[in-house]
Amino acid sequence: MAIRTAAQYLEGLRDGREVYYRGERVEDVTTHAELGIAARHAAIDFELAEDPAHRDLALQRDPDGSEYSAYYRVPRGPDDLRARSRLIETATAEGGTLVILIKEIGTDALFALMRVLARSGETEGLERLQAFYRHCRDGDLSLAVAQTDVKGDRSKRPSEQDDPDLYLRVVEERPDGIVVRGAKAHTSCAPNVDEIIVLPSRSMGAGDEPWSVSFAVPVNTPGLRLYAADFLHGTDDEFVYPVSSRHKMIETLTVFDDVFVPSERVFFSGKPQIAGAVALTFVEFHRFTAVSYKLPLLDAFVGCGIAMAAANGISRAGHVREKLTWLAGYAETVRGLIQLAAQRGQLEEGIAYPDVFTTNLAKWTFARDFHVALEFLQDLAGGLLVTGPSGQDWEAAQVRPVLEKYLRGAWPARDRLAMLNLIGDLTTRAYGGYQAVLAIHAEGSLEAEKLAMYRSYPAGEALGYARRLAGLGEADDR
Ligand SMILES: Cc1cc2nc3c(=O)[nH]c(=O)nc-3n(C[C@H](O)[C@H](O)[C@H](O)COP(=O)(O)OP(=O)(O)OC[C@H]3O[C@@H](n4cnc5c(N)ncnc54)[C@H](O)[C@@H]3O)c2cc1C
């Protein structure tokens, strides 16, 4: 077992992987002008484990003396869930409000697969998964999860689509493995991880056997092609983009062009009855991860709101205090709910998982009110969020005195513009738009969270109480 350094992690990404960005093949993702920023952002995970201030949180030491990344610690109770949440929150804060995600999402998938395969008595699949888990943990590997299929016509099942490749499927079975074809969308961090875990994205039924498959492959596997999104392209002006000039996460369209997967890397195949359970169990873990990594952004919103009110000289106004109180209440409600989800954690097959209802309530609360938070923060900041000067203006000798004279508020122009640019980066420009869509869609849409809440709420207890208050008997089917 060896904890890797950031340099070793980056070196491991130079392996001939097939990545495309803005129409061109990328030779080396670590030295590429924009993808390299994402790789160095991801390396924060390894720097954290080397940092004496964070080592205890970032590393797990087992009684037998072995040491590995704490992301790989299988949660055994609420304390482990709380520690995992704190680790994700701390790493994201180090990442300037952007999640690192090169071990968080992958271990969410591993824990979900462990639970479902154990529960279903899939001994062979579980043994393969455990071997893969040890391979990743002991090699201190980074992981992406490709779950979301491109999906085609959303009203149709995989087997009903005009093109059967719109959900990833098995196209050939061989004695020593399977061949898969299809594409997954929005795969975070894929260009800068070692392995990609593939999960089904929905429940499956009879006839959906070829699409009911889960496996893992190294990113440089022949036939695996990554087409990277350029959403954070052009954010290199550090004056205007204080966060996104230094921190990026890259999503890909992840295409499997008849990729061979050896049997020992296949966790299950041709099993519709397991596919849906894995899809659902993964999001139980992943929404907990999601809310944990939202917290630094919400804390930044509160801090920016307080600072901006001071910079503009409006701190004493009633409507300002109301908005600042709302922002603080929003951040702390989300934080409190995720702590409660850990505290209410339950155990299955020896693995602790966060309470489903509370986790989804936390995620829904976060996503539902996110755009209200943006409105309040933008309201406090003013229109300079989009009409302010560039870094070149600030550096120009003939322009800066004008900016210093006219763009000051209760704070000098330099400090006021720094705060405005931080809020602009977080809420209005490319990274702000990215976060706004991330809030609504990533880890499942608002409707998916409400559905999970509806299904997991113990309605019988509330109904029974209401019936007793009304003087009625035990609940019936009406
Ligand atoms: C920044 C970012 C990072 C992401 N990272 C990852 C990742 O690492 N791995 C991964 O696997 N996924 C990832 N995702 C994918 C994310 O989980 C999906 O975006 C989300 O599940 C929504 O899927 P979609 O984007 O295809 O939208 P759609 O599913 O098309 O949703 C659009 C709308 O259609 C509705 N809808 C969809 N299907 C139906 C239906 N059958 N009936 C009624 N309404 C329907 C939805 O509720 C929503 O309102 C990421 C997404 C983002 C934005």
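**View 1. An open sheet of 6 strands with mixed pairing.** In this predicted model, the strands follow the order β2-β1-β10-β11-β7-β6. Strands, taken as DSSP runs of E with at least two residues, and helices, runs of H or I with at least four residues, are numbered from the N terminus. Two strands count as paired if DSSP finds at least two bridges between them. The edges are formed by β2 and β6 (169-174), each of which pairs on one side only. Neighbouring strands of the sheet are turned by 20° against each other on average, direction ignored; the axes are lines fitted to C-alpha atoms, for helices over the stretch in contact, and angles between N-to-C directions run from 0 to 180 degrees.

Residues are numbered from 1 along each chain as its sequence is written. Local features of the predicted model need pLDDT of at least 70, side-chain atom pairs count only at pLDDT 80 or more, and totals for chains, interfaces and linings use all residues, while side-chain values use heavy atoms, with hydrogens and water left out.

**View 2. Strand β1 and its two partners, β10 and β2.** Strand β1 (residues 18-21) runs parallel to β10 (residues 224-228), with 4 bridges between them; Tyr20 has Tyr227 of β10 as its bridge partner. With β2 (residues 24-26), β1 pairs in the antiparallel sense over 3 bridges, and here Val19 is bridged to Val26. The hairpin of β1 and β2 has 2 residues between the strands, and Arg22 adopts a positive phi near 50°.

**View 3. Ile196 in the largest nonpolar core.** A nonpolar core is a set of buried Ala, Val, Leu, Ile, Met, Phe, Trp, Tyr and Cys residues joined through side-chain atoms within 4.5 Å. Buried denotes under 20% relative accessible area, exposed over 50%, and partly exposed in between (1.4 Å probe, protein chains only). Of the 146 residues in this core, Ile196 and Ile197 touch the most other members. Helix α8 (residues 272-312) supplies the largest share, 21 residues. Not counting residues up to four places away in sequence, Ile196 is in contact (heavy atoms within 4.5 Å) with residues including Phe215, Val217, Leu224, Leu226 and Thr254.

**View 4. Two of the aromatic pairs, Tyr9 with Phe46 and Trp326 with Phe376.** The structure contains 14 aromatic pairs. Rings of Phe, Tyr and Trp (its six-membered ring) pair if their centres lie within 6.5 Å; planes under 30 degrees apart count as stacked, over 60 as edge-to-face and the rest as tilted. Tyr9 and Phe46 are stacked because their ring centres lie 4.7 Å apart with the planes at 20°. This pair links helix α1 (residues 6-12), which holds Tyr9, to helix α3 (residues 44-50), which holds Phe46, across 37 residues. Tyr9 is buried at 0% relative accessibility, and Phe46 is buried at 1%. Trp326 and Phe376 are edge-to-face, at 5.1 Å centre to centre and 80° between the planes. Trp326 belongs to helix α9 (residues 318-343) and Phe376 to helix α10 (residues 356-381), so the pair ties together parts 50 residues apart in sequence. Trp326 is partly exposed, with a relative accessible area of 27%, whereas Phe376 is buried at 15%.
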